[in-house]
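Student: I have a model open and would like to go through some of its local features with you. Can we take them one at a time?
Tutor: Gladly; here is what we will be looking at.

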Amino acid sequence: MFRSLSLKRSFQNHLRTLIHCPPPPPLPFSPIRTLSTASSSSSDSELRKYLGYTALLIFCGAATYYSFPFPENAKHKKAQIFRYAPLPEDLHTVSNWSGTHEVQTRHFHQPENLQQLEELVKESNEKRAKLRPVGSGLSPNGIGLAREGMVNLALMDKVVEVDKEKKRVRVQAGIRVQQLVDEIKEYGLTLQNFASIREQQIGGILQVGAHGTGAKLPPIDEQVISMKIVTPAKGTVELSKEKDPELFYLARCGLGGLGVVAEVTIQCVERQELVEHTTVSNLKDLKRNHKKLLSDNKHVKYLYVPYTDTVVVVTCNPVSKWRGPPKFKPKYTKDEAMQHVRELYKESLKKYRAREITTKSPDINEPDINEFSFTELRDKLLALDPLNKDHVMKVNQAEAEFWRKSEGYRIGWSDEILGFDCGGQQWVSETCFPAGTLSKPSMKDLEYIEELKQLIEKEQIPAPAPIEQRWTARSQSPMSPASSSREEDIFSWVGIIMYLPTMDARQRKDITEEFFHYRHLTQAQLWDKYSAYEHWAKIEVPKDKEEVEALQARLKLRFPVDAYNKARRELDPNRILSNNMLEKLFPLSDNV
């Protein structure tokens, strides 16, 4: 201690000396000239001064070294610059499918049965520990993620009961869509409609208000006729049209904020084969045939290709019991349909990589170009220059040609036909807005697309294909984007997209910024005009405080936010089922 105090006093004396010394003169412009012309006395003075500074620095370093109580072994440890500590073994990294949202948590629970789930929810509520329900993690916005803690029902994936006569099935909410369909097909049953992919858990696809397509078919939440949810405040609650109908309709599309969905009873339909018919059209022709296409087909969707007049029309209908499947021979083979895309890929590789490419790459480690599917090849093309509008236009034109040569029919079971290869990782924004009635479409759906395409071309957005447009009937769930009290109402759903075809962090960041610029432009020019609201699995919370407040006010105009928050207070008073996104979208005055 005495040595330490002496060193400190000595250091203070030197500091006073330095403070009262005049500052050193500025260096001349040319140090070489100074050295050649300065006198020897001046050089000696400068040398003594800098030697003094050096001695002072050494002295201060020594004082610091001996004053701080480092352990003995620390004095001789080798320095390791930029050493990263490994993640703890109990830390789970959970991300959504597109890799656009990710959290790390120590609390990721997977109960195996209802009793374990009930005990987990009860214990978490008593401890006020977060327990956000998360499904398969397919939502583009990561709505189910929470760093503080999550519960996943992947181990609760059983078909509990099948009523073949009433065409109803009761399932645990962790069962995946494809798994459910596979297990009930032996009873001759299937789901009424499907989203584009099959890997969602039933609880997740229900809670976010997911949908398929078909103006006569409602969103998937309308297929649910009863459900069992585990709530923090009231334990397990059974809901149906007969048992607490108000809460039942609210909880069907409850965003995971009212309770953990444990069991669901679904109204199914007979399993049937469908005929898919793919044709290429344009907006002018669509306007003449739109009403007929919506009313005459069980399932219909349009795929628009930006910077072209191409519209891919895909309809699906049951195979006729009298006529049977259509007899059709494709005009082009699959290889012929892919020819233009493959040629563009080879040309682009020459341009961007400056090397010769043949159909079969000379690199044995590089896959044969003929082995890539269309969506895989599109990803590879876009990865070369994803934000170059001219390059994206060429890719879109190749896609239009691919669809022109892919016109024809396809026959299969509904769960096979109604799926859609969405491509690789991506940013997507999907809006839902009213489109009149089936008997009298408002044509607002096609007007929306016209304005959207004009916006893309005016702003020169590098927008890839497709812009996907689908339709549903109304939902009675008040939190559904397609909710309506009028049974005849129909709704259009439009999705815009930007792919993330690479794992390069800088490129993904640039694509993300461009996508949100694209999304902002559509929001500013189209959403209010057409009363469009984003899909719950695709809505993104702004970072700007004023924009968040504007979003909250806008949501109140469309959805029963007060009733939803009242139910949250009653069923989850400690907000253990919430996450940051839910709190931002639906703030409560008494935040815990």
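Student: Which strand is Ser492 found in?
Tutor: Ser492 is found in strand β19, which covers residues 489–499. Please keep in mind throughout that this is a predicted model.

Student: Is Ser492 buried or exposed?
Tutor: Ser492 counts as buried, because its relative accessibility is 0%.

Student: What is Ser492 in contact with, leaving aside neighbours within four places in sequence?
Tutor: With those neighbours left out, Ser492 is in contact with Thr431, Cys432, Phe433, Ala435, Asp445, Gln469, Arg470 and Trp471. For Trp471, which is 21 residues away along the chain, the separation between its C-alpha atom and that of Ser492 is 4.4 Å.

Student: Switching to charges, how many salt bridges does the structure hold?
Tutor: There are 28 salt bridges in the structure. One of them pairs Glu513 with Lys509, with the closest N and O atoms 2.7 Å apart. These two residues sit four apart in helix α14 (residues 505–530), so about one helical turn separates them. Glu513 counts as partly exposed, because its relative accessibility is 47%.

Student: And which residue does Arg554 meet in a salt bridge?
Tutor: Arg554 meets Asp528 through their side chains, at 2.7 Å from N to O. This pair links distant parts of the chain, since Arg554 belongs to helix α15 (residues 545–558) and Asp528 to helix α14, 26 residues apart. Arg554 counts as buried at 16% relative accessibility, whereas Asp528 counts as exposed at 61%.

Student: What about Arg568, which side chain does it meet in a salt bridge?
Tutor: The side chain of Arg568 meets that of Glu583, with an N to O distance of 3.2 Å. Arg568 counts as buried, with a relative accessibility of 1%. Separately, a network of salt bridges links Glu161, Arg170, Lys228 and Glu263.

Student: On to packing: at what angle do the axes of α9 and α10 cross?
Tutor: The axes of helix α9 (residues 334–353) and helix α10 (residues 374–384) cross at roughly 25 degrees and come within 10 Å. The two helices are therefore roughly parallel to each other, and α9 passes α10 in a left-handed crossing. Residues that meet across this pair include Met338, Val341 and Leu344 in α9, and Phe374, Leu377 and Leu381 in α10.

Student: Where does Leu255 lie?
Tutor: Leu255 lies in the loop between α7 (245–252) and β11 (260–267). Leu255 has a positive phi of about 60 degrees while not being a glycine, and it is buried, with a relative accessible area of 3%. For context, most residues other than glycine have a negative phi, and most peptide bonds are trans.

Definitions and conventions: Residues numbered from 1 in each chain as written. Predicted model: local features only at pLDDT ≥ 70, side-chain atom pairs only at ≥ 80, totals over all residues. Heavy atoms only, no water. Axes fitted to C-alpha atoms, helices over the stretch in contact; angles between N-to-C directions. Parallel < 35°, antiparallel > 145°, perpendicular 65-115°, else oblique. Left-handed = near helix turned anticlockwise from the far one by under 90°. Contact = heavy atoms within 4.5 Å. Buried < 20%, exposed > 50% of the residue type's maximum accessible area, 1.4 Å probe, protein only. Salt bridge = Lys/Arg side-chain N within 4 Å of Asp/Glu carboxyl O.
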